[in-house]
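Please follow the chain through its strands and helices in the order in which the paragraphs below take them up.

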Amino acid sequence: MLNIKSDLTGEKMNIALEGLLDSKTSPDLEAVLSEHLSSLTEICFDFEKLEYLTSAGLRVLLIAQQEMDDKDGKMTLINVSDDIMKVFKYTGFVDVLTIL
């Protein structure tokens, strides 16, 4: 299960994720992003309560990052746990994503 709390202010969206971001739940995040992505210049993901991340979740993040890069937008991830950070390190995503 994944809870997605999003807050849209102008061209910036804050998204807090809670639970599991996997093949079953990543389409939910993809739907939230696709609804607004074309009009966004900044996205901030809060991973404080994200417990688990699979390649399906990584794919959604990569697509969002590529979209933001294409239009010189900004995407950041905050409150990333050690376990999720290991996933980013092992996959090389630490070189692609801005993790604060």
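N3 of strand β1 (residues 2-9) stands opposite E18 in β2, where strands (E, at least two residues) and helices (H or I, at least four) are DSSP runs numbered from the N terminus. The two strands run antiparallel and are joined by eight bridges; strands are said to pair if DSSP finds at least two bridges between them. In the hairpin that they form, two residues lie between the strands, and G10 takes a positive phi near 65°. This is a predicted model, in which local features need pLDDT of at least 70 and side-chain atom pairs count only at pLDDT 80 or more, while totals for chains, interfaces and linings use all residues. Residues are numbered from 1 along each chain as its sequence is written, and side-chain values use heavy atoms, with hydrogens and water left out.

Within β2 (residues 12-21) lies A16, whose C-alpha atom is separated by 5.1 Å from that of K5, eleven residues apart along the chain. Leaving aside residues up to four places away in sequence, A16 touches N3, I4, K5 and D46, a contact being heavy atoms within 4.5 Å. Is A16 buried, partly exposed or exposed? A16 counts as partly exposed because its relative accessibility is 30%, given that buried means under 20% relative accessible area, exposed over 50% and partly exposed in between (1.4 Å probe, protein chains only).

On to the next pairing: β2 and strand β3 (residues 42-53) pair in the parallel sense over nine bridges, and K12 stands opposite E42 in β3. From β2 the chain crosses through helix α1 (residues 26-36) to β3 in a right-handed β-α-β crossover, meaning that, with the strands pointing away from the viewer, the path from the first strand over the helix to the second runs clockwise.

With residues up to four places away in sequence not counted, L17 touches L2, N3, I4, L29, F45, D46, F47, K49 and L50.

In α2, the buried residues are A56, G57, L58, V60, L61, A64, Q65 and M68, and they pack against β2, α1, β3, β4, α3 and β5 (98-99). After α2 comes D72, whose phi is positive, near 55°.
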